[in-house]
Every structure is written in C-alpha cells, then in structure tokens.
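Me: I would like to learn how to read the features of a structure like this one, taking one at a time. Could you start with the general idea in each case and then turn to the example?

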Amino acid sequence: MADHILSMSNIYKNFAGVRALQGVAFDLYPGEVHALLGENGAGKSTLIKIITGVHQPDDGDIVLYGEPVKFDDPRASQRQGIAAIYQEPSLFPDLDIAENIFVGRQPTRAGGQVAWSQMYHAASELLNSLGVHLDPRTKARNLSVAQQQMVEIARALSVQAKILIMDEPTSSLTLAEVDDLFRIVNQLRDAGTAIVFISHRLEELFELADRVTVLRDGAYVDTKLISEVTTESLIQMMVGRQLSDLFPKLDVEAGDIVLQVECLSRDGAFQDVSFTLRQGEILGMAGLVGAGRTDVARAIFGVDAITGGRVIINGQPVTINSPQQAMRLGLAYVPEDRQHHGLVLPMHISHNITLPILSEFASQGWLDTGQEQQSATEAATQMEVKAAGLWQRVRELSGGNQQKVVLAKWLATKPRILILDEPTRGIDVGTKAAVHGLMSQLASQGMAILMISSELPEILGMSDRILVMREGRLTGQFSRTEATQEKIMLAATQAVEQV
Amino acid sequence: MTTQPSDTSGQSIFLTLARFREVGITVFIVLLMILVSLRSPNFLTLDNFEDILLNISILAIVALAQTMVIITRGIDLSVGSMIGLVAMMVSFVLLEHPEMSPWLAVLLGMLIGCALGCFNGFIITVGGVPPIIATLGTLSVYRGAVFLYSQGTWVNAFEMPQSFKLLAKGTPFGLPNLVIFAVVIAAIIYYFLNYTRPGRDIYAVGSNPAAAQVAGIRVQRTIFMVYVISGLLCGLAGVLWASRFEAAQTNTALGFELQTVAAAVVGGVNIFGGSGTVSGVLLGALLLGIINNALTLVRISPFWQLAAQGSLILLAVIVDSMILRRLQQTLSGRKTA
Ligand SMILES: Nc1ncnc2c1ncn2[C@@H]1O[C@H](COP(=O)(O)OP(=O)(O)OP(=O)(O)O)[C@@H](O)[C@H]1O
Ligand SMILES: [Mg+2]
C-alpha cells in the first residue's frame, strides 16, 4: 500500500463538560474505504468534523499528505481536497438542486458570471450517474428525505475530492439507491480516492469497507482489516459485551381490531389502501422509499387531508383533521424526518419529551415541573438516551441520540396505536435491539404498532404481518410465517396485482 | 423518485404561472388600477404615471438594499437615518462648494453611506449583536448625528446649486434621471443576485446559515457585505433625496425604514430569509406608490389616509398568500409522491 494520506493521533475534544473524544487515532490510505464504527454518541461525527475543520481539536496531531495541518474552518479543508456528507441535513431549502450541489463553487464564465445552463447540465449528469432522475431546477424544500440525501451525495461527489467522508449516507436510502452509491464508491476507490464511511448497518461494512476503526465512548478501541472481523466481534468491540438476541420478538395473541383503514386515497400520493391492525400486533410496512408509506401514515394521523376512503378506530368511523385530534383518539406518529418534524432542536431534552403531554402536568395554568421531570427521566432512561443530562439541548446530541429522544417523546404519550416511521434509522446495534425489545414489550401489553421500515431484516424480524406498498398501492400482504426477503422485494419492485 | 411533470398543456401553463412568484401581487396591482381608474379619470395618464415612478424611485433603490439584508435573515432599521445623515452632510458641503460637480456629490454620499454601513456590519458580525438591535441602535445614533452636524438648522432650495437640483429631475434621456438611477441600480442588483457567486452566497446564508458555514461559504463576510451595500445605496439615496426635494432637514426620510420593509415583504421577500426577487420588490414598491397616489387622487380625507394605506398593504399581502397557496396546492396535488 502507498503512504498515508491522512493520519491523526491522540485527538482530544471536549464540549462544555462532555468528553466527546479522548485520545483517538485514525489513519487513511489512498484507495481504501475505512469504516468508522461505534455506538450512538461514541464520537464518530465529532472525529470527522475535526478532519473537515468544523470543530478544532483540543489536543492532538493531524498530518495530511505528510504535512501537519490545522483547519480553522471547513473552507480550509475543502481547498485541500476533503469533501464530506454530514449526518445532519445540510441542504438549502430555498435553492434548487443544481445550486445545492455546487453551492459556493458555482461554475462561472470568464468574467465571473455564474453559468446556470452549464450548472444544470453538470447537475443532471451527476444525478443520472447516481441513478436519480430529478429535475435539477426543483427546489430542495420539495424533496423527500431520500431525495435530499441523494443531492447531498451528489454534492460531495461533485468536488472530486481526494478524501471523501460520508457520515451515515445510507440511513435513509433503499437497497437500489444504496447499490448505486456503492457502485460509485467502488469506482472512486479504484481511482485512488480515500473514503471514510460511517454506518450502523454492519452488513454494509462487510460489503464495502477495507478496514474498520471502532470507537467506544469517545475512546479509541482498535483498527482492523475487515477480513479479520466478524459481526459478533465488531459488536463486542463496540459495546464491550456480547449481544444475544437481535430481534427479540415475543409471540402475542392478537386482540380486537383497533384500527381499520378502508380504501384510503390521497390524490397524487396513494390509492385504495385497506388494512386492519389488531391490539398487540406489530404490522410491518415494507416498500421502496417513495412508495407512499409515509404518506399513508401522515394521512391517518391527520397531517395531510385524504381524498377518499375512511378510517375506523375501535369500530367507530372517524374523521381526523389534525394531529391533536389523532392524539386524542390514542394515536401517536413518530415521523422519519426527525430534524424537521420530530424535535425542537434548541430546547432541552426533557422539554422535547414532554411537549406532547404538557397538559398532563398542568393544573390551573401552572406546570408541575417535578412531575414533568420525572416523566421525562423515565422515558429517556427507557430509551437509553446518552447525554450529559436532561438539560442538554437536543441540538448538541449525536444523531442517534436525537432519534431516541423522538421515540421517547411519543412513548410518553402512552398511545394505544403507535405508528413508527423508520424507527431505528441511525440507531446503533445495541440500542436497536433495545428499541426492538421495547416494541415487542409494548405490543405484549396491548399496544397496536404500525411499523414502516425499509430495512428488510427489521421487517422480517419484528412483524406479525407484513404489508408491501409500491407506487402508492398495496401490492402484497404476508403473514410472519410465509414472508421471505424475496417475496417482499418482488412485491415492492414489480407490478404484481393486488393480492 | 421522479418528479417529472407530465406534459399536458393546461398543466404546463399552470406550472409556469406557479413558478412566477409575483403572480399574486401583479393581480392585486391590476385590480387596484382598474378600481382607481373607474373613480378617477386622471389616474391612467402618462403624467400621473411619471409622477408615480418619480415617487417610488428612491423607495425602490433602498427597498432592494433592504431586501438583500432581509434575505440573510437580517434587517436594516437604520436606512432612514443613513439617508437623512448623508443628505444633510452632502448639502452642507454643497453650501460651501456650490461649484462642485453633482457626480462628486454622489460619490461623496456613497462614501459616507459606505462608512455608516461598515459600522452596522461591524457591530453585527464582529460584535455579534442581532441585526434588529444593532440597527435600532444606529437608527438613533445616525439620526442624532444629523442634529449634531446641522445644529438644528437645515438647507433650503434657494441655497442649492441648480446643477445639483437637476441631478434627480433632469430629463436628458426622456425620463427623469431619478427613474433612470433606479432602473440602473435594479439591473445591477439583479445581475449581482442572480449571476455572481457573492450574490448567490447571500441566498445560501439566509436559507441555511449552518449549512453555508459547513459548505465553506464565508458567512460573516457575506453578512458584513449586505450591510455595507445597504449603506452604499442609502448614501446614493440620500444625495438623490436632497436633490429631488431640494432640501435637507433634520427629519429627512424619518420612518422610511418601514416603507422599505413593507415594499420588500409585499414583494414576496420572505421575512425569515432565504428568498426574495428583484422583480418582486420592484412590484412591491410600485404597489406602494400606486396606493399613495390613488389615495390622493380619489380624495380620501387625510385623517383616513394612513389607515387606508396600511389596510391596502395588508390586503395585498393576504391576497398574494392566498393565490400562492392555491397554486401550490394544485401543484402538489398533481405531483406524484
Ligand atoms: N456541539 C456539541 N455540543 C455539546 N456536545 C456535543 C456536541 N456535538 C456532539 N456532542 C456530544 O459528543 C458526543 C459524541 O457525539 P457524536 O455526534 O460524535 O456521536 P456519533 O458517534 O456520531 O453518534 P451517532 O451514531 O448517534 O451519530 C455525544 O455525547 C454528544 O452529545
Ligand atoms: Mg453521528
């Protein structure tokens, strides 16, 4: 192998009392994919932000192309050929796709005039190479989460960097999109680009990575060749103990029908969706991103208006026009887009959690803050939220821990019907098992759960029954025993007629 | 994952219309013009329109400056005071040197404005003071400077050289110079905002400051820049103001900041930053001009004028947002998710 392109040693970083990194080492060769692995809050994102100059280390050495460097801002690292996709969405909602890709580096003509047509052309080509067919003139605010992710990937690729860093690029993508991405990453690797790759999906690491570095609680654990490790040994390194059961699904006797959806339609989003959900049941909803699953959930929860069909709860036909109404009927909906719909980022963890149930602590207009704290603490402990304290601002949490706060918030409402949209996106394996255990436990206590997920192992492992959607229609329905990966993929991708 | 619009012709007309952000305010202007011309035959005359244009030229220039500031999520409340201070200082210099070229006066005004804008930008970026507070402060400071500088006196029409008065009112090109100034400035700003990187950075910074930082855009520098531009244009506006009204008083352009914000917002500039167009703001300024003109023409009692003006502005914003929402709904209904 050639010489190091980047090597970091003894990196320390503190945030106001939180020790995010304690003596971490990391190195990178040209033409390799180096995975970074660790639980939520282990310090992965912090480490890569130090590489790109978003954060400055308190201590430690960074050597780039053989020279010691110190980046004051991301601009400096970009000039040295480092490009990054960050975990948190960093698009500009008011700008169109093309400009989001080339922001700050718009192609210009001789006199410095921005060459729009050239920019649109380049953006189209880039998107096509990613297998995405979007009009580059579309404003970013009109894109789905997956589409936004693809635009961020396109932005990073447009730089033609020597070092490409990707912090959980795949968490909101479907298999086909992940394949496209991996194909391109492999091409870049062959062309000599060094790639840092973060993902909580271990199978992706085995598919893509050459080496893996594991962090635990801000400390450096080890760096290994991917051929030297197994799933079990990686988990062992990450959490410091063995994980026994990844999908701890309990068998629950399904009770009465609590939610019945009949021929539900919303023009332009989905048509004729019918299904039932029983007490104690976990109903999985599979399909490609964009199949309309989120739209169905939003319509049931009263966020979007429906244009046909009806919803029946506990045998009573209901019209739900707002989320407040849905909550009164015992529904809860955990959205997929946590940054925009799930959290108030500048508020404390505890206030985020108790937001939907504040009225419970109010008497004669005053809040019983003691009770509020207790409730928040309970929910946060259940979800294993890792933070300096419940007074910490959600904005300062690691990505995975933000997701846990969203879950804790909705569990605190003690709903009878829980709709989860990609519940374990961006959550590490250990917590994932905990979330799954919790879902299973809630179901056994009689909660009805509708779980939308693009991860097939999760769907297969957790669901009593499985629905498959494709292009706004239900295209398959399987029981736990008859479902297989192949059957679901077939229903999700091919024009199978209504079952 | 496709959002490709299908190609039925009715739909594509709709799409083009919806992309044209200014459709709501245009409709409102046309309606208002029809109504007013029914009441007052003098409204739809060339003379009257020249008058309207003359009246909104300075507003348009400063509203465009205000727009750039608002796009970055800021606001410049000191524009009125900057105009007043520049008008006063330049007029006093002209008293001393009546032979001075009016263009030199323009240059001088812009230099002073630039310095005032730099001070605003400095407090906001280096001092970290929120724009609304910083410029609220300099609003008073600059207005106070007008009093200190003039010692409470003012400059009258007869004291100003003829050449300077012609700066705004001369018509060597058919239209009054003032209108031509506004058109040229608008064209420059249009080019700057749409075809230069610093101009595009303004939108990026306003749309998502954190992402702009991470994308390597110099956020603080961009913010500093918009306040300097605002100062520069207020400097120009101050000189033009003195020339047009042939006077500089201690209350010159008092309260003007509110009109500039109104023109920008009526013109579709998002008050929370990130978006706004030159054409929209020009229409916004035009609408304000037409409202003022119409209220005089249809002879509304002066007691009612201010209230009527405000109500019409509110109505415009409401009509605009209603039309926009309808268009968007129809649009998203047609889009496959
Ligand atoms: N800006 C900040 N202010 C305060 N604390 C922070 C900040 N950024 C990160 N932290 C803390 O640093 C620790 C490491 O966070 P980091 O985002 O690096 O984790 P991560 O490994 O990327 O986790 P995840 O898998 O959840 O994304 C966490 O405890 C987090 O709360
Ligand atoms: Mg992270």
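Reply: Let us begin with a definition: a salt bridge is a side-chain nitrogen of Lys or Arg within 4 Å of a carboxyl oxygen of Asp or Glu. Please keep in mind that this is a predicted model.

Me: Are the two partners, Glu262(A) and Arg310(A), buried or partly exposed?

Reply: Glu262(A) has 26% relative accessibility and counts as partly exposed, and Arg310(A), at 40%, is also partly exposed. The cut-off that matters here is that buried means under 20% relative accessible area.

Me: How many salt bridges are there over all chains?

Reply: By this rule the count is 17. One of them joins the side chains of Glu88(A) and Lys49(A), at 2.7 Å from N to O. Glu88(A) sits in the loop between strand S6 (82-85) and helix H3 (97-102) of chain A, while Lys49(A) is in helix H1 (residues 44-52) of chain A, so the pair ties together parts 39 residues apart in sequence. Glu88(A) is partly exposed, with a relative accessible area of 28%, whereas Lys49(A), at 15% relative accessibility, counts as buried.

Me: Which parts of the chain does the pair Glu281(A) and Arg465(A) link?

Reply: Their side chains meet in a salt bridge of 2.9 Å, N to O. The pair links distant parts of the chain, with Glu281(A) in the loop between S12 and strand S13 (282-287) of chain A and Arg465(A) in strand S21 (residues 465-470) of chain A, 184 residues apart. Both Glu281(A) and Arg465(A) are buried. Elsewhere, salt bridges that share partners join Arg201(A), Glu204(A), Lys432(A) and Glu455(A) into one network.

Me: What does Glu204(A) do in relation to Thr170(A)?

Reply: The side chains of Thr170(A) and Glu204(A) are joined by a polar contact of 2.8 Å. Thr170(A) lies in the loop between strand S7 (163-167) and helix H6 (175-190) of chain A, and with a relative accessible area of 2% it is buried. Beyond its neighbours within four places in sequence, Thr170(A) is in contact with several residues, including Val178(A), Leu181(A), Phe182(A), Phe197(A) and Arg201(A).

Me: How should I read a strand, and where do the side chains of S3(A) point?

Reply: In a regular strand the side chains alternate between the two faces of the sheet. In S3(A), Val33(A), Ala35(A) and Leu37(A) point one way and His34(A) and Leu36(A) the other, and all are buried. With 5 of the 5 residues of strand S3 (residues 33-37) of chain A buried, the strand is largely enclosed by the rest of the structure.

Me: Which strands pair with S3(A)?

Reply: Strand S8 (residues 194-198) of chain A pairs with S3(A) in the parallel sense over 4 bridges, and there Phe197(A) is the bridge partner of Ala35(A). Strand S9 (residues 211-216) of chain A also pairs with S3(A) in the parallel sense over 4 bridges, with His34(A) opposite Arg211(A).

Me: Which strands of chain A run antiparallel, joined by 6 bridges?

Reply: These are strand S11 (residues 257-266) and strand S12 (residues 270-278) of chain A, where Leu259(A) has Leu277(A) as its bridge partner. S11(A) and S12(A) form a hairpin with 3 residues between them, and Gly268(A) in the turn has a positive phi of about 85°.

Me: Finally, how does one describe an interface, and what area is buried between chain B and chain A?

Reply: The size of an interface is often given as the accessible area lost when the parts come together. Between chain B and chain A the buried area is about 2,700 Å², of which carbon and sulfur atoms give 51%. Here 30 residues of chain B are in contact with 37 residues of chain A. The count between the two chains is 9 residue pairs in polar contact, both at pLDDT 80 or more. H9(B) gives the most to the side of chain B that touches chain A, with 6 residues, and by class that side has 11 nonpolar, 14 polar and 5 charged residues.

Me: How many salt bridges cross between chain B and chain A?

Reply: The count is 1, and the side chains of Glu99(A) and Arg200(B) meet in a salt bridge at 2.5 Å, N to O.

Note on methods:
Residues are numbered from 1 along each chain as its sequence is written. Chains are lettered from A and ligands numbered from 1 in the order in which they are written. This is a predicted model: local features need pLDDT of at least 70, side-chain atom pairs count only at pLDDT 80 or more; totals for chains, interfaces and linings use all residues. Side-chain values use heavy atoms; hydrogens and water are left out. Contact means heavy atoms within 4.5 Å. Buried area is the accessible area (1.4 Å probe) that two parts lose on being put together, summed over both. A polar contact is a pair of N or O atoms within 3.5 Å; within protein, one must be able to donate a hydrogen and the other to accept it, and residues adjacent in sequence count only if both atoms are side-chain atoms. Helices (H or I, at least four residues) and strands (E, at least two) are DSSP runs, numbered from the N terminus. Ala, Val, Leu, Ile, Met, Phe, Trp, Tyr, Cys and Pro count as nonpolar, Asp, Glu, Lys and Arg as charged, and the others, Gly among them, as polar. Buried means under 20% relative accessible area, exposed over 50%, partly exposed in between (1.4 Å probe, protein chains only). Two strands pair if DSSP finds at least two bridges between them.
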